[in-house]
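Hi everyone, thanks for having me.

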Amino acid sequence: MSILSSLGRIATEFSAARARYQTERAIRSLPIELQKDIGWPEASDTKTNSRNGVGSWAGAK
């Protein structure tokens with residue numbers, strides 16, 4: 001595996017993680033009623049699904 005292919009893979013993973021984060025942020029900014037209508041997880045589910053901090057996107061699928 002060359003350095004360029006490794007960098008490309010890392011950039012692709014970072015881009016996908018950023019898109020997921022932005023989507024989650026947009027959905028969480030909606031009123032609770034709309035979140036329920038689209039089937040977004042309840043507040044009790046989000047407490048157990050916390051972020052691990054910087055670098056948590058690496059390898060996380």
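The protein chain contains three helices and zero strands, so the pattern along the sequence reads α-α-α, with helices picked out as DSSP runs. Of its 61 residues, 7% count as buried. The chain's accessible surface comes to about 5,300 Å², and carbon and sulfur atoms account for 59% of that.

Now for helix 1. It has 26 residues and reaches 37 Å from its first C-alpha to its last, which is close to the 38 Å expected at 1.5 Å a residue. Three of its residues are buried, namely E13, A17 and I27. What do the buried residues of helix 1 pack against? They pack against helix 2, residues 32–37.

Let's look at the other face of the story, the surface. I3, L4, L7 and I10 form a nonpolar patch there, with about 450 Å² of accessible area together. Take L7, which is found in helix 1, residues 3–28. Is L7 buried or exposed? With a relative accessibility of 51%, L7 counts as exposed, because the cut-off for exposed is over 50%.

Next, the charged pairs. How many salt bridges does the count come to? The count is two.

An α-helix has 3.6 residues a turn, so residues three or four places apart point the same way. The two partners sit in rather unlike surroundings, so let me take each in turn. E13 has a relative accessible area of 18%, so it is buried, as the limit for buried is under 20%. R9, at 40% relative accessibility, counts as partly exposed.

The other pair is E24 and R28, whose side chains meet in a salt bridge at 3.0 Å, N to O. They are separated by about one helical turn, because they are four residues apart in helix 1. E24 counts as partly exposed at 24% relative accessibility, and R28 counts as partly exposed at 37%.

Let's move over to helix 2, where we find Q35. Why does Q35 count as buried? Its relative accessible area is 9%, and buried means under 20%. And which residues is Q35 in contact with, leaving aside its neighbours within four places in sequence? They are I27, R28, S29, L30 and W40.

Finally, a word on confidence. The mean pLDDT of the protein chain is 80, and 66% of its residues reach 70 or more. Where is confidence lowest, and where is it highest? It is lowest in helix 3, residues 43–48, at a mean of 51, and highest in helix 1, at 95. Where pLDDT is low, the predicted coordinates should not be read in detail.

Conventions:
Residues are numbered from 1 along each chain as its sequence is written. Side-chain values use heavy atoms; hydrogens and water are left out. Patches are made of residues with over 30% relative accessible area and no salt bridge: like charges are joined within 9 Å, nonpolar side chains (Val, Leu, Ile, Met, Phe, Trp, Tyr) within 5 Å. Accessible areas come from the Shrake-Rupley method with a 1.4 Å probe; for residues, only the protein chains shown count as cover. A salt bridge is a side-chain nitrogen of Lys or Arg within 4 Å of a carboxyl oxygen of Asp or Glu. Helices (H or I, at least four residues) and strands (E, at least two) are DSSP runs, numbered from the N terminus. Buried means under 20% relative accessible area, exposed over 50%, partly exposed in between (1.4 Å probe, protein chains only). The expected span of a helix is 1.5 Å times one less than its number of residues. Contact means heavy atoms within 4.5 Å. pLDDT is the predictor's confidence in each residue, from 0 to 100.
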